[in-house]
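Take a look at the chain below. Keep the model open as you read.

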Amino acid sequence: MRDKPDQRRFEMLLRAHQGIVFKVAGVFAYSMHDREDIAQEIAAQLWRSFASFDERRAKFTTWMYRVALNVAISHARRKQHDISG
């Protein structure tokens with residue numbers, strides 16, 4: 001389990017850069033409900049991956065964007081698979 005400073009730092013960074021999450025979610029979703037679902041999935045994945053974030057390798061916003069994009073693409077693929085299959 002991670003300590004409180006990690007959680008506080010994550011929450012602060014997420015709040016400061018939440019526009020990235022909503023922008024990516026908006027590109028990959030047609031309805032408000034889908035945008036909210038994707039944004040929630042992105043936030044959850046960011047938290048699960050936060051321990052592996054290495055600020056020596058990338059800026060937080062770059063890392064956040066990559067995670068957000070991967071989650072959104074996966075969501076879109078699942079949605080497409082549900083529709084076609």
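Predicted model: local features only at pLDDT ≥ 70, side-chain atom pairs only at ≥ 80, totals over all residues.

Begin with the core. The largest nonpolar core has 20 residues. Those with the most contacts inside it are Val21, Ile42, Leu46, Phe50, Phe60, Trp63 and Met64. In soluble globular proteins, nonpolar side chains tend to be buried together.

Now pick out Ala68, which lies in helix α4. Is this residue buried or exposed? Ala68 counts as buried because its relative accessible area is 0%, and the cut-off for buried is under 20%. Leaving aside residues up to four places away in sequence, Ala68 touches Val24 and Ile42. Ile42 is also among the core residues with the most contacts. For a distance check, find Ser49. Ala68 and Ser49 are 19 residues apart in sequence, and their C-alpha atoms are 11 Å apart in space.

Turn next to the largest pocket. Its volume is about 190 Å³. The pocket is lined by 11 residues, and the closest to its centre are Phe28, Tyr30, Ala76, Lys79 and Gln80. Which elements give two or more residues to the lining? They are α2 (18-28), α3 (32-49) and α4 (60-84). Helix α4 gives the most here, with 5 residues. By class, the lining has 7 nonpolar, 2 polar and 2 charged residues.

Conventions:
Residues numbered from 1 in each chain as written. Heavy atoms only, no water. 1 Å grid on protein atoms, 1.4 Å probe; cavity = no way out; pocket = protein on both sides within 12 Å on 5 of 7 lines; lining within 4 Å. Points joined across faces, edges and corners; volume = space filled by probe spheres on them. Helix = DSSP H or I, 4+ residues; strand = E, 2+ residues; numbered from the N terminus. Nonpolar A, V, L, I, M, F, W, Y, C, P; charged D, E, K, R; others polar. Buried < 20%, exposed > 50% of the residue type's maximum accessible area, 1.4 Å probe, protein only. Contact = heavy atoms within 4.5 Å. Core = buried A, V, L, I, M, F, W, Y, C linked by side-chain atoms within 4.5 Å.
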